[in-house]
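Good morning, colleagues. Please have the structure in view.

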Amino acid sequence: MNFVVTLVLILAYIDCIWCFGSRNVVFTIVSQPEPYHASVARRLKQDIDLQVQQLENRYPKIHITHEDFPVPGGWTILPLLSPLISKYKGSDVRWVLFVETHTAVRCDKLFEALAAADKQSDVSWIGYPLSDEEPTIIHHFTFYEDLEEEGGFVYPNFPSGFAMRLELMEMLLNQLEHGHRKLEADFSIDPAFELAQLVYGDGNDPGPLLTPDLSFCIVSGDNCATYPRQFDICGSAVPEDSIFFAVKTWSGFHATRAKVVKKTWGKHVTNLQFFSDADDRYLPAVNTGIPNSQTGHCTKTVAILRQTLKRVKDKPHIKWIFLADDDTILGVQRLCEVLSCYRGGLDVTVLGERYGYGYGKKETAMKGYDYITGGGGTVLSIGAARALASCACAGHSAPDDMTLGACARFRLNITMTHSPLFHQARPQDYAREVLARDRPVSFHRHSSPEPTRVYATWFQHDDLAVKRSRRDEL
């Protein structure tokens with residue numbers, strides 16, 4: 001009898017060696033130091049920790065990246081490879097889960113998904129698959145026609161999270177360090193797409209394509225291991241008149257782009273000023289004193305910041321400056337809701353869609369920096385605007401957003417805060433699943449469909465509803 005019991009225990013122990021659980025997974029929450037985003041990351045960490053303790057009575061391995069791995073460009077994933085591999089190589093860890101702060105995780109379903117993937121030697125990373133129907137600007141106009149017969153080039157939906165084998169991460173790191181793999185573009189825009197590019201390679205020595213796993217969901221469901229949560233509204237929306245809207249334009253667009261602003265979102269704001277190379281009292285537009293340039297606009301943008309600060313100097317109720325292009329398409333009410341989560345006024349906050357420069361190549365990675373791409377709009381607290389107004393331009397037509405980003409990192413030690421609700425491109429440049437995640441704040445560029453139609457589709461209803469509500473209150 002004792003022999004049978006012992007044999008059963010030994011077999012159970014051997015089976016447990018091969019069973020899959022939290023000891024085989026590292027949860028990596030790709031986070032930001034800004035107070036609101038940091039608090040959301042901590043809540044997610046606490047939730048995962050509680051789930052695993054209830055499931056297994058053990059503490060999981062969880063990292064908040066801005067605290068545990070504060071490397072430049074960590075949001076692009078590549079700079080996280082080395083610290084994660086150094087820490088977990090040779091341990092029981094077989095998979096690393098990457099999630100955003102607003103990703104919901106159900107650990108029991110996740111362990112089931114990873115256990116199934118772990119048994120398949122040809123599966124190296126899993127997630128919800130996205131693909132481009134045509135080349136787009138946000139993906140460097142890259143398109144993999146050679147993969148059409150295999151279902152096309154797919155990349156993970158980052159808000160749903162994705163998981164990679166530690167061995168795949170080691171392979172990537174080794175090839176990056178020896179120059180066998182590198183990103184073709186100097187710019188980081190969509191980290192999930194660019195990571196998939198890097199894994200796949202140039203086609204001569206292709207790595208594994210993402211294995212689709214629909215338990216990494218777009219919306220919550222009973223069988224979901226992960227799914228994106230909507231962004232919070234942190235109390236009441238900020239008053240619209242607490243924002244000064246500064247629109248960058250030039251005289252050649254006064255009758256076209258600038259008029260579209262006036263016909264759409266400009267109707268719903270109190271503090272609206274166009275900054276141009278010529279005065280125009282009908283817009284209204286003021287001459288910045290800076291001649292127009294075809295590219296860059298750095299000198300003009302810094303002049304706009306300085307002139308705007310003078311205009312709001314005696315208006316303490318104004319806490320924010322929204323710097324827009326004349327082809328930015330904006331949801332005013334949505335912007336006011338989003339800003340309820342951030343610190344305006346004299347606090348230093350710079351918010352918008354974050355891009356990166358220099359992170360993809362070994363020789364420039366430590367010199368890389370983030371910047372807020374201007375087309376989708378840049379939100380600056382008054383304190384941030386005062387700091388950035390001191391930045392110097394390398395030349396009249398130097399890129400304004402990149403210059404401010406480099407100045408913020410290397411001279412001012414200001415961190416750019418990313419929100420995926422701001423968009424540098426048109427709605428059709430994004431996968432449908434990406435836009436279905438939450439209500440956007442902005443888009444950029446006038447083309448087909450017409451900008452008035454884009455505004456009517458995405459933003460007009462909310463802006464009109466607020467206007468009616470305020471009229472009723474009066």
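Let me begin with a term: a residue is called buried when its relative accessible area is under 20%, and exposed when that area is over 50%. What you see is a predicted model.

By that criterion, cysteine 217 and cysteine 224 are both buried. The two form a disulfide, with their sulfur atoms 2.1 Å apart. The torsion about this S-S bond is -105 degrees, and the link is left-handed.

The count of disulfides comes to 4. One of them joins cysteine 234 to cysteine 341, with an S to S distance of 2.0 Å. This pair links distant parts of the chain, 107 residues apart: cysteine 234 lies in the loop between strand E11 and E12, and cysteine 341 in the loop between helix H10 and strand E17. Its torsion about the S-S bond is about 90 degrees, so this disulfide is right-handed. Cysteine 234 counts as partly exposed because its relative accessibility is 33%, whereas cysteine 341, at 11%, counts as buried.

Cysteine 391 and cysteine 407 are also joined by a disulfide, S to S 2.1 Å. Here cysteine 391 sits in the loop between helix H11 and H12, and cysteine 407 in helix H12 itself. The torsion is about -85 degrees, so the link is left-handed. In sequence order, the bonded cysteines pair as 1-2, 3-5, 4-7 and 6-8.

Three strands form an open sheet in the order E9-E18-E19, with antiparallel pairing. Strands E9 and E19 are the edge strands. Helix H12 packs on this sheet, touching E9, E18 and E19, and its direction makes about 130 degrees with that of E19. Within the sheet, phenylalanine 187 has tyrosine 357 of E18 as its bridge partner.

Strand E12 runs parallel to E15, joined by 6 bridges, while strand E20 pairs with E15 in the antiparallel sense over 4 bridges. Thank you.

Conventions:
Residues numbered from 1 in each chain as written. Predicted model: local features only at pLDDT ≥ 70, side-chain atom pairs only at ≥ 80, totals over all residues. Heavy atoms only, no water. Pairing = 2+ DSSP bridges. Helix = DSSP H or I, 4+ residues; strand = E, 2+ residues; numbered from the N terminus. Contact = heavy atoms within 4.5 Å. Axes fitted to C-alpha atoms, helices over the stretch in contact; angles between N-to-C directions. Disulfide = S-S within 2.5 Å. Buried < 20%, exposed > 50% of the residue type's maximum accessible area, 1.4 Å probe, protein only.
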